[in-house]
Amino acid sequence: MKSIKKFWCKVIVFVTLTGLLLSHINNVLLIKGAELKLWSCVSTYSGFYDLEKNSTDLLIFGTSHAFYNIIPQRLYDEYGIRSYNMGTPMQTMLDSYYMLKETLKYQSPKVVALEVLNTFFDHSLEHNEIANWTALGYMRWSMNKVEAIHAVCKDVDYSDPINFYLTNIRFHGNWKSLKMSSYSYWFYRNRTESKGYYPVMRISNDSFEPIEMDESASPRVMHDIVLQYLVKFVDLCKENNIQLILFKCPTNEWTSGFWKSTHSFAEEKGIPFYDFNLSQNYQQLGFDYANDIAGTGHCNVRGAIKCTDYLGKILTEEFNLSGQPDKQWEKTRPFMDKIVSMQNISAENNIDHYLEYLDNPLYTVFFSIKADGMEGMSQKTAAQMKKLGLFQHGEPRIGQEYVAVIDQGSVVYEQIGGEDCGHIGLLSNGKVRYDLVSSTSRDPGSSRIMISDVAGNNDYCVDWKGFNIVVYDQDDMCLIDSCNYNPMDGNKNIVHKDIGY
């Protein structure tokens with residue numbers, strides 16, 4: 001009898017350990033999200049599931065035009081609306097429907113807002129595998145997820161549903177391209193203060209022309225699968241007594257034909273539709289496309305604030321949506337200040353104003369200035385450097401190399417050298433290693449600002465003549481900005497490296 005019990009104990013332990021190992025392997029191999037660095041689909045789902053039950057007033061669905069453009073924290077700070085953004089990259093209507101079905105198990109929102117770009121995805125995008133993985137991969141296992149998987153495999157004709165159940169089978173080839181960030185599931189899972197929003201900082205300078213209500217425009221026909229799940233989405237809101245609204249953020253991908261089809265559908269179903277691309281709405285929005293769009297058709301932080309405020313006014317003034325104080329949104333209030341600061345840093349072109357923004361204990365700042373980098377530096381710039389705590393033992397002369405580190409408001413390292421400066425150290429959190437170099441002897445004209453964190457080992461330095469500066473957030477372990485300033489450049493503007501967001 002004892003031997004039988006011992007046998008089954010071993011079986012249980014073996015099965016448990018095997019399950020845990022497979023779960024870890026699946027999480028390592030599974031796509032983290034196309035939203036790049038910090039806030040990913042991992043944190044979108046984990047943050048949603050961590051919410052107190054029935055504590056949201058509003059849920060937002062859609063593609064990247066939802067999660068880049070609407071800021072839940074701003075809706076709470078300015079309008080008292082408790083919201084969560086469930087947008088995912090290239091989210092299809094099939095995905096939106098099953099995600100809504102899943103979220104309604106945990107929340108009872110008064111309003112659901114759908115950003116409607118995905119209603120005009122063509123059939124090839126409806127087949128987009130990455131879209132379905134990022135929308136469904138981190139959903140909890142339940143009948144909703146099972147139904148969604150089989151609907152995807154039936155309607156979109158992927159291979160076997162077993163690929164969703166055992167993701168290590170589908171993504172076994174990812175072993176070849178694993179990075180440090182692939183293993184950081186738990187780190188990404190805990191970054192939930194954005195509540196599904198993803199901040200992007202770039203400025204596009206793209207042109208844009210608002211559209212008009214043109215009844216003579218040729219309507220854009222929705223694909224059958226898209227229309228089928230859009231109707232299901234509408235019906236599910238009605239069944240749960242939820243006010244559904246449709247909206248479209250500014251983008252030059254939108255046309256009068258898109259507007260006409262969406263307007264006709266909304267009118268037929270009795271659903272309010274707000275198109276921010278229409279001339280009148282665009283003017284009320286106060287949008288400046290060249291400066292408020294990030295260059296990928298998505299809003300940067302400035303544009304997202306405008307879209308969020310416009311939606312907030314609609315919800316409060318036309319639907320009397322008002323929330324109540326909630327600790328889940330109160331504790332994340334600093335998030336807005338942080339992303340506004342990030343936008344200011346990444347968009348500033350004047351070196352003196354830029355250095356002022358760096359006087360912030362949120363950030364770690366690295367400097368690598370080449371031997372000729374001081375030539376042409378103004379006294380005002382030198383004074384700003386001193387205000388940051390640098391140049392306390394004299395300004396570097398032309399021909400001298402320079403490296404420095406400011407760690408959350410305090411200068412922790414500064415070196416002036418003839419031909420060779422460098423330093424290797426750890427940031428105050430003990431988790432991030434850095435390697436600075438400014439040298440003409442070891443590698444002529446070379447600057448290096450290497451940071452080793454959950455994203456791997458990355459040299460973020462622009463490595464041009466003059467000031468090379470990297471701004472880093474060690475709490476979130478993410479790059480804020482990488483730029484170069486050459487005092488001898490005729491324009492004397494900062495050049496920012498494209499860091500992907």
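**Close-up 1. Strand 7 meets strand 8 in this predicted model.** Strand 7 (residues 401-407) and strand 8 are antiparallel partners, joined over seven bridges. One of the residues involved is aspartate 407, whose bridge partner in strand 8 is serine 410. Strands of a sheet pair through backbone hydrogen bonds, either parallel or antiparallel.

**Close-up 2. Tyrosine 49 and tyrosine 106 form an aromatic pair.** A search of the whole structure finds 25 aromatic pairs. In this one, the ring centres are 5.3 Å apart. The planes stand at 75 degrees, so the pair is edge-to-face. Tyrosine 49 sits in helix 2 (residues 41-50), while tyrosine 106 is in the loop between helix 5 (93-103) and strand 3 (111-115). The pair links distant parts of the chain, 57 residues apart. Tyrosine 49 counts as buried because its relative accessibility is 11%, under the 20% cut-off. Ring pairs also build a cluster here: Tyr45, Phe48, Tyr49, Tyr84 and Tyr106.

**Close-up 3. Phenylalanine 467 and tyrosine 485 pair across two strands.** Their ring centres are 5.7 Å apart and their planes are at 65 degrees, so this pair is edge-to-face. Phenylalanine 467 belongs to strand 13 (residues 467-473), and tyrosine 485 to strand 14 (residues 478-485). The pair therefore ties together parts that are 18 residues apart in sequence. Phenylalanine 467 counts as buried, at 0% relative accessibility. Tyrosine 485 counts as buried too, at 4%.

**Close-up 4. Two lysines lie over tryptophan rings.** Lysine 145 lies over the face of tryptophan 141, at 4.2 Å from the ring centre. The charged end of lysine 248 sits over the ring of tryptophan 254, 5.8 Å from its centre.

Close-up 5. Helix 13 (residues 256-269) has 14 residues. From first C-alpha to last, helix 13 reaches 20 Å, close to the 20 Å expected at 1.5 Å a residue. Just after helix 13, glycine 270 takes a positive phi of about 70 degrees.

How values were computed:
Residues are numbered from 1 along each chain as its sequence is written. This is a predicted model: local features need pLDDT of at least 70, side-chain atom pairs count only at pLDDT 80 or more; totals for chains, interfaces and linings use all residues. Side-chain values use heavy atoms; hydrogens and water are left out. Rings of Phe, Tyr and Trp (its six-membered ring) pair if their centres lie within 6.5 Å; planes under 30 degrees apart count as stacked, over 60 as edge-to-face and the rest as tilted. Helices (H or I, at least four residues) and strands (E, at least two) are DSSP runs, numbered from the N terminus. Buried means under 20% relative accessible area, exposed over 50%, partly exposed in between (1.4 Å probe, protein chains only). A charge sits over a ring if NZ of Lys or CZ of Arg is within 6 Å of the ring centre and within 35 degrees of the ring normal. The expected span of a helix is 1.5 Å times one less than its number of residues. Two strands pair if DSSP finds at least two bridges between them.
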